[in-house]
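Please look over the sequence and the model below. The paragraphs that follow go through its charged side chains and one of its chains.

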Amino acid sequence: MDYFYSYLILAEIYTLLGLSTNLLVGVVGIFSVSQAAVFGVGAYIVGDFLLAGTLSFLPALAVAALACILLNVLISLPSLRVAGDYFVVTSFGIQLLATATFTNWTAGTGGANGMPGVPPPDLLGLPIESTRGILAVTTVATLVACLAFWLILRAPFGRLLKAIREDESAVAAAGKGVLSAKVSAAALAGAFAGVAGGLYATYLSFIDPSSFDLDASILLLTMVVVGGARTLAGSIFGPFLLLALPQVLTFVAIPTTYAATARQLVYGALLIAFALFRPQGLLGERL
Amino acid sequence: MSSRARSLLAALAVSAALGISAPRPARAADAAPITFGAILPLTGPGAVIGTEQMKGIQFALKQQNAKGGIDGHPIRVVFEDDQAKPDQAVLAFNKLVGLQHLPMIYTAYSGPSLAMAPLTARKHVLMLNAGAQSDKLAHASPYLFNTLPTTADEVGVMVKYLRAHGKSTSVVLYENDAAGIGGRDDFVREFKAAGGKILAQEPTQFGQTDYRPALLKLAAAKAQVLFVVTTAGQKSMADQLHQMNQTWLVAGTTFMEDPPTIADPNAKGIIHTQVVANASPELMAAFKKEMGAEMGFFSRQYYNATQIMFALTEHLLKEHKAITGENLRAAIFQIKTFHGLVPMTFTTNTAVVPVAINEMTGGSEKTIATGTAH
Amino acid sequence: MLALQLLVNGIVTGSALGVMAVSFALIYATTRVFHVAHAGVYTLGGYLAWTLVHRGVPDLPALVLAMAGCVVVGSLIQILLYGPLDRRGAAQLVVLIASLGALAVIQNLIAAVYSPDILEFPPNWAGHVFPLPGGLRLTGVQIATVVVDFIAFGLTLAFAHRTLLGKRIRAVASNPFLAEITRLEPRRVHVYVMAIASALVCLPGVLGPLDYGLQPYGGVTPLLTATIAMIAGGIGSLAGAFALAVAIVVLQNLALLVMPGEWSIGVTFAIFVVFMLLRPRGLFAGKA
Amino acid sequence: MTAYLEVCGVTHNFGGLQALNDCAFAISQGGITCLVGPNGAGKTTIFNVITGFLRPDTGRVGFRGRTLSGLAPQAIVHAGIARSFQNLRLFTDLTACDNVMLALPDRAGETPFGALFRPFATARSDRRRRADALERLDHVGLAARADERVRNLSYGEQKLLTIARLLATGAELLLLDEPASGLAAGALDQVMVLLRRLRGEGKTLLVVEHNTRVVQQIADEVLFLHQGHLLAQGPPARIIADPALAEIYFGGAL
């Protein structure tokens, strides 16, 4: 059962990240390839606090969420100045900068060696060590985030964000502020990613820069493209599907030496196929 | 899957054969296969090493099962891929331990091993590491055992050699990742402790093979020794070192054991530590015939680790104890010294093993000194 | 002496990156596609040349054949992927995603065929060391790199400004709508541009690996730096892209004199991010 | 009497190209003013300056005695001036009704706080807003198409929708950029009727228009812009009859 639970836990954590990425990329149209960096900051902050014993799990998670809100707002700022491809390059730069920091700032992150021994999450002083207990925690967090995402999409705020994605000038001409809406969306996306990071660190008990690199960011993007932009169902379906894919691929007769390249190949082919034939993803709307 | 299916078939075939030709009346319970797990990077950038490790285990299993397994029990190993990533490793661990209740698991990389270490303690599962050398692995979990010396221990042998040969100043080129930084820290600490002086250090990125800027900067420090900890791209480095025409002694770690580099005339004079795990020519030949590849360093390491696993299993069967992680762990300290490819003694969770220092001769290499890492 | 060698090495590597930036800028200015898969074409060139050399083909024909291979792949990407997306009016984001997909496919096909290991060319003229005045020491391949890449850059400039096709390309780049109605056939021009840029990027794609080995995933960081050069140099300015590429690499090299190397890539991108916030239209913009 | 909308000495350069050159005019409240002039006369540019999308190099824009220069576009909408675009700029992935609802001045539920923590109040206010929007759509004759995605609407319907969206802002001065261009005769009449009705409801309209027949039929006053400068202002009959202006207007084309 633990195996199935741990798949669920990871899939739920990635669902949080999928929601975060979908909000930013799918809904507002800020093409960020640095969401894994925010995810990482959340993970390291929670890890640092729990290892030092200065905060317990929930307050640490709150601090991480807060920090990621600030961070995501900060790194989304260039999108207010530069559009489209320019922002993509900036975003790539931010991701590489983050990876360099995770790898080299040994005092804060354990550097390339990673940060081992992060204590399990606790509620009111009671540590949650069983996989089932952690599953309960991640499930609650994911449900709350899904609810928030759904509420936002159906509220006028969601409509505003979707309109911003299509045409910022027209939004301004309709008398609405673009800046504050974009910043709010980036903040929310940051909070989701920060919480996901905290859950990830406490569940795995070990984190290192490899989980928060450019590949991870692109995986998140793939999840949104495959699941579908701007819908709750798409944000959930993408992560669950893509995390199951490697497990499914093991049943196909590929020599193990080729399995990783085959998997990456499948991801690439999926991106092309979806761009060409189904830009709305499986359960979403047109990108 | 196919290779797993193949090993499964092999195991079935072996047990079938045993059933027919077993010389003594096989008791059904006796002949039940004993299964262990292995979580290795079978895909991704670590796959080259991971598949080499897998072959070492598979070869040892084939040999042993052809001899009738252990005490009539065929031995099986279920392989899982973790892509050298901690989260995938935990997923695989839960699959093997949660679903299949395996008592012992092989592991290979520092990150994944450290991620699984707390779980091994919680679930009482023995974990054998014959590939990673991070210093943190030494005390990560009472259930994690390392058959390779930690980097610190290995580097210690090199430092002793350098100081004994009058080298007192050094610069360090390291790969900017777990393996490289660990090696750098150990070298700097040990070299200083031995009275040497570190004049400069420069990083390179994994996979970034233009070392010229870093090497030029290091050369400006005019040290007697260039200590190198990188896991890939050694041949390019040897060529670029040759271009620079420096007089320093280039010293490296086990990672330098790279056939294209050894074959490169430009690599002449480079020395490096080498964990001793020599296999007899007959064994090497048998391996090549069976597995279709050379028996590389990591194949030898995991072959050796599998010999340890056989010894532990045999010990428990003889004492009529259940094959559980706890019992396997206790057995390690009871047996203490193992005789696989090399003699290996466990007084702590990390084995004491011999380490050699090899020198490249521009085409091949020779051992110029030996020591012990502990 | 150290500074001089670092400077010269920077110019050598920078000229290679410069050709990459010029080829990328040519594509971006004309088709408006952020062709990330260009990194894959770059990598593919090296592997094709490696295969040919291993089959006994002499170096120069191997290079030409590798370029031909890149031309085919680049044109196919335009014809089968970007073209249809363009006709469907796909959003920029979707085209970028398709390009990322194409990059993943190329890289991993290479990794599947050749393994993810670093591959080295057999020992040849490339490793021969030439001592030069001033204590400089350059290898054969370094000299070849700087000569070939500077010539390639010069020829590209001449082509864009002196030839009929070059002028047509510049017309399509400056006003695709007008080009459409004046029967310049932008779609066909797009294919030509991809073909030319793919051939161009094959030069550093072969010469670089001749120096320091081949890796399936090795094209992404150079391409990112090249795009930074293109943006900082002002989009549409080929000379700006080349000059900035050389400048960035030289600075990265010289920066080692004052700071540890692990931060050099980080600092490049940090400067770029700040730059994007303050002067998003590029260093030489405002003239257009 | 101070002018309702006042443009004083506005100059704007696009990298060496002088789009507006000491442009000055004033219009009074009520009525339809048409802005005409040859291509490149600066008509759209002056719209952009008035609505805050462009910052003039020199000069100022006054509205009901208040200086607008320097305000952000959305602040100018709040001050009472809204504009449409020549190329429509509708949100094509949203429904017609959503497009109109978005422009309503009501801001309840437009922050994450409202959306997340007052979901029921937000839903209630959004129902009210929908009723409002439907009314606006009805106004332009699109009520039946309310829940259709914009990209499925015909061009004529989209033109009408831009007007409904403009109305939704609640602004009293409406700037329309070629509301009649590209329309077939039937739709054209529909738009003209609508514009006159808006005037009847007390809105002030400033309209960029090329079609002289439309100008003649709807305009109370005509502004003639040439090379970024106001050349003439007066009743449509006089401006259209002026041979010198006709020479300028059609000169380039003939």
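In this predicted model, a patch of positive charge on the surface is formed by Arg154(A), Arg118(D), Arg124(D), Arg127(D) and Arg128(D). The most is contributed by helix α5 of chain D, residues 119-139, which supplies three residues. Arg127(D) is found in this helix. Its relative accessible area is 56%, and because exposed means over 50%, Arg127(D) counts as exposed.

Over all chains, the structure has 32 salt bridges. In one of them Asp93(D) pairs with Arg230(A), with 3.6 Å between the closest N and O atoms. This pair crosses between chains: Asp93(D) sits in the loop between β6 (81-83) and α3 (96-103) of chain D, and Arg230(A) in the loop between α11 (214-227) and α12 (232-249) of chain A. Both residues are buried.

Another salt bridge joins Glu110(D) and Arg129(D), whose closest N and O atoms are 3.7 Å apart. Glu110(D) belongs to the loop between α3 and α4 (112-117) of chain D and Arg129(D) to helix α5, so the bridge ties together parts 19 residues apart in sequence. Glu110(D) is buried, at 7% relative accessible area, and Arg129(D) is buried at 2%. These two residues also belong to a network of salt bridges that includes Arg159(A), Lys176(A), Asp98(D), Asp106(D) and Asp126(D).

In chain B, Asp210(B) and Arg212(B) form a salt bridge at 3.6 Å, N to O, and both are buried. Chain B has 12 helices and 14 strands. Of its 374 residues, 58% are buried.

How values were computed: Residues numbered from 1 in each chain as written. Chains lettered and ligands numbered in written order. Predicted model: local features only at pLDDT ≥ 70, side-chain atom pairs only at ≥ 80, totals over all residues. Heavy atoms only, no water. Patch = residues over 30% accessible without salt bridge, like charges linked within 9 Å, V, L, I, M, F, W, Y side chains within 5 Å. Areas by Shrake-Rupley, 256 points an atom, 1.4 Å probe, with all protein chains shown as cover. Salt bridge = Lys/Arg side-chain N within 4 Å of Asp/Glu carboxyl O. Lys, Arg positive; Asp, Glu negative; His and termini not counted. Charge placed at Lys NZ, Arg CZ, Asp CG, Glu CD. Helix = DSSP H or I, 4+ residues; strand = E, 2+ residues; numbered from the N terminus. Buried < 20%, exposed > 50% of the residue type's maximum accessible area, 1.4 Å probe, protein only.
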